[in-house]
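The sequence and the structure come first.

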Amino acid sequence: MVPDFILTEFENAIKKIGLKDCSKLRFEAPKNPDFGDYATNIAMIVAKDLKKNPREIAQKIIELVDFDKQIVERITIDGPGFINIKLSNLFFAQELEKMYQFGEEYGKSFLGKGLRANVEYVSANPTGLLHLGHGRNACIGDSIANLYSWLGYDVTREYYFNNAGKQMTNLARSIYARYRHLLGEEEYPFPEDGYFGEYIKEIANELVQKYGNSLVPETNENLEICKKFGEEWCFNKIRKTLSNLNIFHDVFYNEDSLYHNGKIDEVIKIFREKELVYEKDGALWLSLTKLGLKEDRVIVKSTGEPTYRLPDIAYHREKFLRGFDLIIDIFGADHIATVPDVLAGIRALGFDDKKVKVVIHQFVTLMENGVQVKMSKRSGRSYTLDELIEEVGADVVRFFFLMRSVSTHLEFDLNLAREHSEKNPVFYLQYAYARICSIFDTAKERNITFDEKANTDCLNLPQEINLIKIQRLFPEIIQTSAEKFEPQILADYLIDLATAFHSFYHDCRIIGSDEPILSARFKLTKVAQRILKNGLTILGVNTPERM
RNA sequence: GCGCCACUAGCUCAGUUGGAUAGAGCAUCAGCCUUCUAAGCUGAGGGUCACAGGUUCGAGUCCUGUGUGGCGCGCCA
């Protein structure tokens, strides 16, 4: 972010040349550092309106601005009319002091103070184990929750599930069939769309241990026992897997409760009052065409059961009624079709659907030795999330799921993930952190202390200044990463920071330097340590002090 | 057939609301440890930004069309 004193000075200059509107004034960091630290294209943008040459306008602007020469080293006009500003090393050295003074939680802000955010993620029904897609969803959701929490929001982490309906019946029947198979009745029919995974056999086996053959009569009661048992079994596994990733939800919201507490009926009633529903073929249809969409959809089947759309709308309405200012949903790409319907429903109920942010992530493919590891739900031979965590560790799983942009397909390279070496970016980051810790350990051992009050103005080597420049970006990175719902931005940034630190470390000694360099470099190192700690924590990656 | 997402170096990916000479990691090649962790650092080579038009001072980025891949398009969730 451009320093305020530059912004105000430029705003004043622009007003003086007769432009009232300053909204187009933007500063960016030029890609080529030779141009300076900040650049603005304002002269080119207003050239047309003023009917003047952009370079002439730029010239006028820089004649009107006045800066301390010690802070602003030079202002130049380059190319078609860019105004480039180069700040002095002294400026950056002083910025380090500010960052250091911010303390342990450098990067936190108060943008979301007093606001409540709800982040819904994972939301897998208790019919099976989590697979890799859920893993990506979980890691993205948890990091986004962390990011908003760092922006000062009061964040609720939520898991929405359905333990009723067709899928659960299917689960019960699948378990029951396996149960009968285990009792020796191999010819007992397995449901056609049943769950084929091995875990169903495990569940059935536990039922045999617990109930023996007492569930043999195929009664509703016995199927209900299978259902409850299966649900609990799956949920325990899911929670265990999530806890292995250090992910914990605040609220588990049961879809079924929307039926029991009449919330579904309330929504239907409102839709009726607004004349947004009609009966056709024995079903109740929502007039999405009246809301600007292409097709109407059924919300209550002719059997009297709602389709998924209705509880989804009711659920989102509840989120609004619970008082959230920001509602974030993390969905896999297969859910994309439902989003416009739910948002339209919410709008129709009189809520501001702009407060709902739907993050759609693309799928995950697992690669091993250059070929894709096939995952089939039907055969049940899919690689479970748990197996992956077991194999490569939670830190690698979390980082790998976050290091790619949410909107792109993610290729999970098992060989790279297994590699505990410099090739693996997780270790590159953790190594930087451990290295820093080791510096402080060594200093302690050798009784070297540094002066908190020492001035950082003495820093001016390129490696030092470069590191400070990157450190300064951290709060902004957190903000963009959150606003764009892209933890990958933070992940990439941390790698840049680690690179800048390693480079500084390589060229500049800390222990052994004389004052005031010693203390200044200690502060520089301390800030790098805090950023790595905070950044990795937001991503859910551990920061070991030794490696 | 329709909708969404993608297409950038050999591979995996970045690329800030359109900016100046398109970047990183891996892989390849060449260097750097008696000093705070070499899981590190420094350097080199490697590109028709899928293709074709358009918009303008200026396009990897915006618009249109085409191609390729993924995911959806139910009274399943």
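## Crossing helices

In this predicted model, helix H10 (residues 263-273) and helix H11 (residues 309-321) have axes that come within 9 Å and cross at roughly 95°. Because angles from 65 to 115 degrees count as roughly perpendicular, H10 is described as roughly perpendicular to H11. On the side of H10, the contact is made by Lys-263, Ile-264, Glu-266, Val-267, Ile-268, Ile-270 and Phe-271, and on the side of H11 by Leu-310, Pro-311, Ile-313, Ala-314, Arg-317 and Glu-318. Sorted by class, the contact of H10 with H11 holds 9 nonpolar and 4 charged residues, with no polar ones.

The residues of the contact of H6 with H8 divide into 7 nonpolar, 1 polar and 3 charged.

## The sheet of E1, E3 and E2

Three strands form an open sheet in the order E1-E3-E2, and their pairing is antiparallel. Its edge strands are strand E1 (38-40) and E2, each of which pairs on one side only, and the twist from one strand to the next averages 20°. Helix H3 (residues 54-64) packs on this sheet, where H3 touches E2 and E3, and the direction of H3 makes about 160° with that of E2.

Within the sheet, strand E2 (residues 72-78) and strand E3 (residues 82-87) run antiparallel and are joined by 6 bridges. The bridge partner of Val-72 in E3 is Leu-87, and that of Ile-75 is Ile-85. E2 and E3 form a hairpin with 3 residues between them, and in the turn Gly-79 has a positive phi of about 55°.

## The sheet of E13, E12 and E14

Another open sheet of 3 strands has the order E13-E12-E14, and here the pairing is mixed. Strand E13 (371-373) and strand E14 (410-413) are the edge strands, each pairing on one side only. With direction ignored, neighbouring strands of this sheet are turned by 45° against each other on average.

Strand E12 (residues 364-368) and E13 run antiparallel and are joined by 3 bridges, and the bridge partner of Glu-368 in E13 is Val-371. Helix H14 (residues 394-402) packs on the sheet and touches E12 and E14, with the direction of H14 making about 150° with that of E14.

## Surroundings of the RNA

Which residues come nearest to RNA strand B? Of the 65 residues around RNA strand B, these are Lys-301, Glu-422, Tyr-431, Arg-435 and Ser-438. Of the atoms of RNA strand B that come within 4 Å of the protein, 61% belong to sugar and phosphate. The residues of the surface near RNA strand B comprise 23 nonpolar, 20 polar and 22 charged. Helix H2 (42-50), E3, strand E9 (297-300), helix H16 (425-445) and helix H19 (487-507) each supply at least two residues of this surface, and the largest share, 8 residues, comes from H16.

An N or O atom in the side chain of Lys-301 is 2.5 Å from a phosphate oxygen of RNA strand B, whereas for Glu-411 a backbone N or O atom lies 3.4 Å from a phosphate oxygen of the RNA strand. At Cys-508, a backbone N or O atom lies 2.9 Å from a base nitrogen of RNA strand B.

## Backbone details in loops

The peptide bond from Glu-515 to Pro-516 is cis, with omega near 5°, and Pro-516 is placed in the loop between H19 and helix H20 (517-539). Asn-246, a residue other than glycine, has a positive phi, near 65°, and is placed in the loop between H8 and strand E6 (251-254).

How values were computed
Residues numbered from 1 in each chain as written. Chains lettered and ligands numbered in written order. Predicted model: local features only at pLDDT ≥ 70, side-chain atom pairs only at ≥ 80, totals over all residues. Heavy atoms only, no water. Pairing = 2+ DSSP bridges. Helix = DSSP H or I, 4+ residues; strand = E, 2+ residues; numbered from the N terminus. Near = heavy atom within 4 Å. Polar contact = N/O pair within 3.5 Å; in protein donor to acceptor, adjacent residues only side chain to side chain. Nonpolar A, V, L, I, M, F, W, Y, C, P; charged D, E, K, R; others polar. Axes fitted to C-alpha atoms, helices over the stretch in contact; angles between N-to-C directions. Contact = heavy atoms within 4.5 Å. Parallel < 35°, antiparallel > 145°, perpendicular 65-115°, else oblique.
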